[in-house]
Amino acid sequence: MIVSKFGGTSVGSAKNINKVIQIISDKQKKTAVIVSAFGGVTNLLIKASDFALNGNKEYIKVLKNIQIKHTDVIEALFEESNQIISKDFVMQHLHKLKDVLNGVFLVRDLSDKSAAKIVSTGEILSSYIIAEAMKSRGLNTTLKDSRKLIKTDSNFNDAAVNYDLTYKNIQQFFSNNKDDIVVLPGFIASDQNNETTTLGRGGSDFTAAIIANAVDAEILEIWTDVSGMFTANPKLVKQAKPINKISYKEAMELSHFGAKVIYPPTIQPVLSKKIPIVIKNTLAPNDNGTLITESINGSNSTVKGISHIENIALLTLEGNGMVGVPGISRRLFEALAQENINIKFITQASSEHSICIAIDISEADKAKIAVDKQFEFEILQQKVNPLIIENDLAIIALVGDNMKSHQGISGKMFSELGNNNVNIRAIAQGSTEKNISAVIAKNDVKKALNTLHAVFFENQIKQINLFIVGIGNVGGKLLEQIKQQQEYLLNHLHLNLRVIAISNSRKMIFSAEGLDLSQWNTQLNELGEKANLNEFYKNVNQLNLRNSVFVDNTANDLVPKQYTKYLKNSVAVVACNKIACSSEYDTYKNLKYLSRKYNAPFLFETNVGAGLPIIDTLNNLIASGDEITEIQAVLSGSLNFIFNNFVGQASFYDVVQQAGIEGYTEPDPRIDLSGVDVMRKILILMREGGNQLELDDIKNDSFLPKTSLKADSVADFLETLKLEAKHFKTLRAVADKKDCKLKYVAEFKNGKAKVGLQHIAKDHPFYNLDGKDNIVLFYTNRYKDQPLIIKGAGAGADVTASGIFGDIIRTGNK
């Protein structure tokens, strides 16, 4: 025989009930069908009880809604001529229910006995209607009231089963039953006086398990609205997948920690007889579902699932007076037990100085009163501290029978959580090693689940979530490159890059599932909200996504002030903005410190040389034990472009304008032409080389005339380039006379640095530096006579974007 249990959602509508009937019809085997109340009906019955108890006549309207819900189902299931009997049955029981509620309303008292009668109505009505519907479809069906079979004590709302009598009743009934299908209401039973009792939470599952045990069922089917147990909650983890096979113990562990498909205590009757359980989806009956058996099943994966419980409070009892004193734990647990407080998690330090337990947050205040009273004397003597309560927490748990035979599971779990700034408040692991649990902040649950799921179930695919500020020339190219390479990165580097947010100076837009990069511009303009750097950070913080990266593509001096907040929240920072690393040394040093402390990469390769690997090469030299003794460099692609094109009849003004049009200069060309941009770059290189210098320590031999240096605006500055045309022609003429080229050079030697325009002879490596190219010569203890040379395009949106892209990929490899 097969025992099939259908939950409230499975019988929540006539459409679903027809699916149930089809599922049972297809079996062509003797089947016991246990059904819950129609979806939502039990809640309505409880609501009506509350109204009546509080003297509110709204319970009458609730009863009417219950009537309508059942008559609607009847009218959809039956031909008109077959509806009368079922409707009469519903009205007869609703009249009885109304009489009970009227009594509650009048005396303002709701006994456990009355409460059981009220909430049992849902299963009584649903089982009758479903049995009649099966009969009307020609199925050989009978209805059996579970109250005639399952006998309990008189604890009406959570009754204890008399198993000997119950199993005898069930076996006797089924041995005499000739019908193929028996429909029984779940959840309800009766005591020795034949008064209605209920089986508590998971009562319908409990009914099904009791029947399965008594008849030695070949399998217990639990039909719900999901296709079995999942590796994680699919509502929180999009990549969660069904578990095909799992052991009883694994299923119990996952269910205890929040997987709500089954309720562990209720399936105990099938475990003793090793009856398999299968979790199936009524709405998708052809899905495999999850098979639960005694043995370890399925793949050899170490972790079978990740689960969690929210709304947890962590209680800590600590004090020097606890050390070496027998009975402290007993007294703590007794105090909680006397208040019927269920403990979900326990851990104790080996020093015996403290005990931590986790309970439901709703019971925290009651727990504190009880425990502080229990240890009142010790608290007065300051041997034990008053109970400490931490709220708004959650428990996450890794579950798997195979974990005990694999090393490093805990290490991997806690390392990944730490890397994503998930703070762990307490840890517990049993000696069986089937479960590793940790208490974390409730706000971190989604990030923690996704992080762990990616590590243990997703073939090591790492999701990188990008928050990009600045989508002009460079930012726009970056988005193009990401869109182009997304599939390649996923297939070859196992990196899933998602752009979660973008912002320009006017608007910003967020999408928790990732923006569509084929129409980001339209989305930003039509759906974006007003840009605000502080609100941008708040949104990043609230989303709290794993492996988050903040990308700064601006030259704005306000954006770098946000870096500290991001790093402290373990959000990586990738910047082409040079301001942060070239500001006060203490600021630069603090950002590097925060990066290390919070394990959040702070990468800025494009600060010097756009996409050229200049900073990376320098860092590798230092890390390998080399020392930088001298640097010679042309670090401004814009100035190199300007002086390479400042030839013939071209005026200096025209060349500068052309550089701006082609995107080589900053929006304010004074930053480039004044030498400040080059000063920042050589400063960053010196700092990365281990030198503690400020921008003012760099000598700047400016080639600009005083009138240009004093210009108050960009327009005035450009005008001085026209007025001072003779000055610039003279610079060029002197260089031509020496058969040299003009290059703006940065130098560092003997702890000092300078920048300025130089005459470069034909035999110098800088002489043939074309277009917008940069070049850096590193002289080190190892490269004394022949420097290490890095040369290539040092400006332009494409190459700068590719450098930023490279840094983003590096964050995924850390």
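This is a predicted model: local features need pLDDT of at least 70, side-chain atom pairs count only at pLDDT 80 or more; totals for chains, interfaces and linings use all residues.
View 1. Ile789 belongs to strand β29, which spans residues 788-793. Once neighbours within four places in sequence are set aside, Ile789 is in contact with Ile775, Val776 and Leu777. Tyr779, which is ten residues away from Ile789 in sequence, lies at a C-alpha to C-alpha distance of 9.1 Å from Ile789.

**View 2. Asn504 in the loop between β18 and β19.** Asn504 is found in the loop that runs between β18 (495-503) and β19 (507-510). The relative accessible area of Asn504 is 19%, and because buried means under 20%, Asn504 counts as buried. Its side chain reaches the backbone nitrogen of Arg506 at 2.8 Å, and the side chain of Asn504 also reaches the backbone nitrogen of Lys507, at 2.7 Å. When residues up to four places away in sequence are not counted, Asn504 touches Ile471, Leu524 and Ala531.

**View 3. The largest nonpolar core, around Leu673.** The largest nonpolar core holds 75 residues, of which Phe652, Leu673 and Ile682 touch the most other members. Helix α25 (residues 676-688) supplies the largest share of this core, namely seven residues. Beyond its neighbours within four places in sequence, Leu673 is in contact with Leu639, Ile642, Phe652, Val656, Phe703, Leu704, Phe717 and Leu721.

**View 4. Aromatic pairs, with Phe467 and Phe510 as one example.** The structure holds 21 aromatic pairs. In one of them, Phe467 and Phe510 are tilted, with 6.3 Å centre to centre and 45° between the planes. Phe467 lies in strand β17 (residues 462-469) and Phe510 in strand β19, so this pair ties together parts that are 43 residues apart in sequence. Phe467 is buried, with a relative accessible area of 0%. Another tilted pair is formed by Phe643 and Phe652, at 5.9 Å centre to centre and 45° between the planes, and both of these residues are buried. Phe467 and Phe510 also belong to one aromatic cluster, whose members include Phe536, Tyr537, Phe550 and Tyr563.

**View 5. Charged side chains over aromatic rings.** Arg732 lies over the face of Phe646, at 4.4 Å from the ring centre. Lys741 lies over the face of Tyr767, at 4.7 Å from the ring centre.

Conventions: Residues are numbered from 1 along each chain as its sequence is written. Side-chain values use heavy atoms; hydrogens and water are left out. Helices (H or I, at least four residues) and strands (E, at least two) are DSSP runs, numbered from the N terminus. Contact means heavy atoms within 4.5 Å. Buried means under 20% relative accessible area, exposed over 50%, partly exposed in between (1.4 Å probe, protein chains only). A polar contact is a pair of N or O atoms within 3.5 Å; within protein, one must be able to donate a hydrogen and the other to accept it, and residues adjacent in sequence count only if both atoms are side-chain atoms. A nonpolar core is a set of buried Ala, Val, Leu, Ile, Met, Phe, Trp, Tyr and Cys residues joined through side-chain atoms within 4.5 Å. Rings of Phe, Tyr and Trp (its six-membered ring) pair if their centres lie within 6.5 Å; planes under 30 degrees apart count as stacked, over 60 as edge-to-face and the rest as tilted. A charge sits over a ring if NZ of Lys or CZ of Arg is within 6 Å of the ring centre and within 35 degrees of the ring normal.
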